[in-house]
Amino acid sequence: MNYPQLAAFTGGAGLIRVIGHRGARGVMPENTMEGFAFTLNCGVRLLEFDVVMTRDGVPVITHNHSLTGSIVRDGAGNWLQGVEPRVSDLDWADLTVMDVGGLDGRSDYGQRFPDQAFLYGARIPRLSDLCELIAQPGYGDVHLMLEIKSDPAKLKDATARAKVVSAVVAEVRALGLTTRTLMHSFDWDLLAECTRQAPEMPTSFLTQLPENAADIGEDHAAASLELTKAGTSAPDLVAQAGGALWCPYYLDVTVDQVARAQELGLRVAVWTVNEVADIDRMIGLGVDAIVTDYPGRVQRRLLAQGHVWTEETAIAV
């Protein structure tokens with residue numbers, strides 16, 4: 001099938017795409033409308049973000065399955081203490097009073113992003129809120145890397161998997177954004193369900209080898225068992241599963257793997273690349289796209305090496 005949205009994620013000679021991770025997490029509150037607006041205003045036209053479901057079936061944009069105390073404040077402005085409630089145990093109305101505009105600098109997670117702005121009154125958005133924004137005139141070149149988070153308690157529940165995919169697909173279709181969206185996940189069974197329900201949207205396969213530990217303060221998916229087998233080629237597995245894009249953890253990827261993936265017709269977008277030396281290495285590998293918490297940092301490294309991140313940038317330069 002021909003997927004028009006893949007062109008926005010495809011690099012080339014002197015062209016590597018920049019994808020804002022959860023907006024621009026390094027400098028703005030993650031997965032917020034304020035963060036997405038900042039990223040778009042920086043000229044970055046590709047947004048990566050996470051979707052989970054509330055108890056009453058509303059797809060919302062947040063990374064963890066639970067409301068994390070280092071990120072979330074209650075209606076009185078206090079950091080959540082003790083047991084962190086699961087999003088799936090809360091209704092959308094419960095989330096509307098929560099403030100996610102800043103990080104608790106005392107927490108391990110907060111200390112990872114000391115330059116992130118602190119805002120008051122930023123809320124957890126619905127998927128529909130972001131879709132409504134980019135459906136507006138002036139945002140026609142914006143594309144979405146939509147990661148559906150798998151509920152660890154329901155990994156084997158095909159009915160639950162179909163339900164969340166159905167809700168997400170309905171939101172994207174309602175705003176006419178299917179030709180601007182990739183369905184993105186660590187859960188390959190979930191991606192198969194996406195293909196079944198929404199064949200017009202290509203799939204993007206996240207991978208990470210188990211020797212690379214999960215980052216502090218956030219939920220993390222387990223590596224596919226297939227990836228741990230000796231002699232396994234991740235790009236070949238992704239291609240065999242019907243993927244259009246391979247999104248490996250940046251520490252796992254090699255020049256040979258990038259070449260193999262592109263030989264198979266896959267786009268390669270590496271995550272999450274923040275340090276200058278790592279950005280430079282990814283540029284040298286010739287990846288199609290770089291997922292980053294610091295879009296401006298990647299833009300500057302690309303320019304320093306004679307690269308651009310959009311066709312429009314090339315004209316400007």
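Q: Which residues does Ile290 touch, not counting residues up to four places away in sequence?
A: Ile290 touches Ile16, Arg17, Val18, Ile19, Val270, Val273, Ile279, Met282, Ile283 and Val298. Contact here is heavy atoms within 4.5 Å. Keep in mind that this is a predicted model, where local features need pLDDT of at least 70 and side-chain atom pairs count only at pLDDT 80 or more, while totals for chains, interfaces and linings use all residues. Residues are numbered from 1 along each chain as its sequence is written, and side-chain values use heavy atoms, with hydrogens and water left out.

Q: OK, and how many residues has the largest nonpolar core?
A: That core has 45 residues, and Val270, Met282, Val287 and Ile290 have the most contacts inside it. A nonpolar core means a set of buried Ala, Val, Leu, Ile, Met, Phe, Trp, Tyr and Cys residues joined through side-chain atoms within 4.5 Å. Buried is under 20% relative accessible area, exposed is over 50%, and partly exposed is in between (1.4 Å probe, protein chains only).

Q: Which helix gives the most to this core?
A: Helix H9, residues 276-285, with 4 residues. Helices (H or I, at least four residues) and strands (E, at least two) are DSSP runs, numbered from the N terminus.

Q: What's in the second core?
A: That one is separate and has 27 residues, including Leu130, Ile148, Val164 and Val165.

Q: Switching to charges: how many salt bridges does the structure hold?
A: There are 18, taking a salt bridge as a side-chain nitrogen of Lys or Arg within 4 Å of a carboxyl oxygen of Asp or Glu.

Q: What does Asp50 pair with?
A: Lys149, with the closest N and O atoms 3.9 Å apart. Asp50 lies in strand S2 (residues 46-53) and Lys149 in the loop between strand S4 (143-148) and helix H5 (158-174), so the bridge ties together parts that are 99 residues apart in sequence.

Q: Is Asp50 buried or exposed?
A: Buried, at 1% relative accessibility. Lys149 is buried too, with a relative accessible area of 12%. Both belong to a network of salt bridges that also links Arg22, Glu30 and Glu147.

Q: And where do Arg260 and Glu263 lie?
A: Both are in helix H8 (residues 255-263), 3 residues apart, about one turn of the helix. Arg260 is partly exposed at 27% relative accessibility, whereas Glu263 is exposed at 60%.
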